Structure formats: structure tokens, C-alpha cells
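Visitor: Hi, I'm new to this one. Could you put it on screen and talk me through it?

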Amino acid sequence: MKPSATAAAGQAEANHADPPPTDRAQATDPQNPLQPAQHRQLAARAIGLSKVYGSGDTQVRALDDVSVDFARAEFTAIMGPSGSGKSTLMHCLAGLDVASSGMVVIGATELTGLSDKKLTQLRRDRIGFVFQAFNLVPTLTALENITLPMDIAGRKRDADSQAWLDSVIDTLGLRDRLSHRPSELSGGQQQRVACARALAGRPDIIFGDEPTGNLDSRSSGEVLGILRQSVSALGQTVVIVTHDPRAAGYADRVVFLADGQIVDELREPTADKVLDRMKNLEQV
Ligand SMILES: Nc1ncnc2c1ncn2[C@@H]1O[C@H](COP(=O)(O)OP(=O)(O)O)[C@@H](O)[C@H]1O
Ligand SMILES: [Mg+2]
């Protein structure tokens, strides 16, 4: 069953009207102009972001002066025609690709100019990823996959992080699947494990590039539902690229890209409204 976007957004607001300050929020510098005002609680932002591939005749401007904010504990869907720059935007936001100009800020940290080492650390500690192809390690159990990034980072499992892990596992309905290997799980279950892996480290933001792209419609609904839950119940910030207008029913907001620019935005979107806007964009 698909939840009403309004009800879900309302629930998110009720749960997170006054989110407790995190260590990171407390560590922010009020003198830093890049640091958004505390009350805005931004998880990420792009400022004047452009990305040009190639040169001369073959030059492609994949992103053209994109500025966009992502508030904490909000679920955003990025939509737009194929080739409109969705993946490029997501990769630049996540520090997987470097923009030609402009700025990306994750929490209070500007990515531009970070050393490779710092960028790798930031991606590992503060960003979660959900990929279209799940990317689970086949020889590990679901639980081992979920905790792999923390284990690689050598993070100690204290009572607080164990409690968080437990709530992620329960919220995602994975408790009775923890000892299964990926091959013993359905596609939807595998993607739920991948979502749990992204959530386990309690990142500032989770990015997903078409996380339901390989799933049938029932499993897509499941995965979108748990991403919604992670925002509503756990206060996560989630940004996904998707082609699926139904995803809109789960998101708080849809941002539309066309030709490397943000051309439209919908709050409390519905699948019908999204289809309507998409039709207009395809005709441009
Ligand atoms: N590595 C690359 N080299 C050259 N052009 C690229 C590269 N990646 C993407 N592009 C081009 O940039 C534009 C935006 O691509 P992309 O961000 O993948 O769009 P979307 O995810 O919306 O389909 C497209 O025209 C694409 O062909
Ligand atoms: Mg893409």
C-alpha cells in the first residue's frame, strides 16, 4: 500500500519539528558563511554547480549553474529526462565526481579543495549510498554486509551505535534475514539490506541513483517505503534519482532537471502531478 505523501510528510514534520542537535551540528562554526543558519538544518547544498565534459565540438555541459539545498530529514526525488544531468549532479554532490565550477557543501564541509584522503573519509563517514545494482558482497551474510563499512572503518560498536543498528534492522524488517546471504534474498530484500548498510553509519545524507531501477514494482514500493520510513522514523536525509513517478508519492519534494538545469520543483508531490510535469519536460 502506498502511503499518502501528505500524511508521510506530516509525520516527518511531527517527528522532526525539533530534531536533537547532533555532534556535527554542535561542531559547526557560526562564523563560516558557508554554514547555513542552524534552524535551516541543511544536510547538503550545491551552489552554482557546473560540469562540462570534453572540449570543442564534443563538449557537453552536463550541469549548468545548479543551486539546490537539501534540508535534513527530508526525502527528495530528482527527476528529469535521460541525459538531463541527474547522475552527474548526484555524483558531484556525493564527492564521486568533481564539478568544473561551483561548490558542494555536505553538512558544514565544503568539498571543493578537500584532499583525496579527506574526501574519501567524508564519503565513508558522512555519506551513504544505495546503488541500482545493490552492490552487496555475495560471500557475506546480510548482517555482515550491513556492518561492513563500519567494520572496515574500524568503528567500535558502542551501546548507542548498536541501538541505532537495531532500530535500522527492525524498521527495515530485516531481523529474520540477517544470517542469509544475498543469493538467498529477493531483489527487494537485497536492496533493503543495501539501504540498511547505508543507514547503519548514520550518515549526514543518503544518495541513491535509481535505487529501484532493477526492481519489480512490488519491490520498488517496498524499497521506497523503507526510504520513506528512514526519513520519517529515523530522521535520515535521503536524495534519490528516479524515473518512477510513483516514487513521488513517497518523497517530500521532487526537483526536476532538464538540460543540466533545475527547471521545476514540487512539494508534497503526487504521481499525477509528477507525470504532468514530466510530460512537459519531455516535449521541450
Ligand atoms: N563521463 C562522461 N563523459 C562525457 N559525457 C558524459 C559523461 N557522463 C555524462 N555525460 C553526458 O552528460 C550529460 C548528462 O549525463 P547524466 O548525468 O548521466 O544524465 P542522466 O543521469 O540524467 O541520464 C549527458 O549528455 C551525458 O551524455
Ligand atoms: Mg543517470
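Visitor: Among contacts between residues at least 6 apart in sequence, what share join residues at least 24 apart?
Guide: That share is 72%, where two residues are in contact if their C-beta atoms, placed from the backbone, lie within 7 Å. This is a predicted model, in which local features need pLDDT of at least 70 and side-chain atom pairs count only at pLDDT 80 or more, while totals for chains, interfaces and linings use all residues. Residues are numbered from 1 along each chain as its sequence is written, and chains are lettered from A and ligands numbered from 1 in the order in which they are written.

Visitor: How many helices and strands are there in the protein?
Guide: The protein has 9 helices and 10 strands. These are DSSP runs numbered from the N terminus: helices are H or I with at least four residues, strands E with at least two.

Visitor: And which residues surround ligand 1?
Guide: Tyr53, Gly54, Val60, Ala62, Gly80, Ser82, Gly83, Ser84, Gly85, Lys86, Ser87 and Thr88 do. Being near the ligand takes a C-beta atom, placed from the backbone, within 6 Å of it.

Visitor: Which element gives the largest share of that shell?
Guide: That is α3, with 3 residues. Both β2 (60-71) and α3 (86-93) supply at least two.

Visitor: Is α3 enclosed or open, and why?
Guide: It is largely enclosed by the rest of the structure, because 6 of its 8 residues are buried. Those are Lys86, Thr88, Leu89, Met90, Cys92 and Leu93. Buried means 20 or more other C-beta atoms within 10 Å of a residue's own, exposed means 12 or fewer, and partly exposed is in between, with C-beta atoms placed from the backbone. Just after α3, glycine 95 has a positive phi of about 70°.

Visitor: New topic: what is the strand order in the open sheet of 4 strands?
Guide: The order is β2-β1-β4-β5, with antiparallel pairing; strands pair if DSSP finds at least two bridges between them. At the edges, β2 and β5 (109-110) each have a single partner strand, so one side of each lacks a neighbour in the sheet.

Visitor: Over how many bridges do β4 and β5 pair?
Guide: Over 2 bridges. Valine 105 is opposite glutamate 110 in β5.

Visitor: Last one: which residues touch the most other members of the largest nonpolar core?
Guide: Cys195, Ala196 and Leu227, out of 66 residues. Such a core is a set of buried Ala, Val, Leu, Ile, Met, Phe, Trp, Tyr and Cys residues joined through C-beta atoms within 7 Å. Helix α7 (residues 187-200) gives the most to this core, 7 residues.
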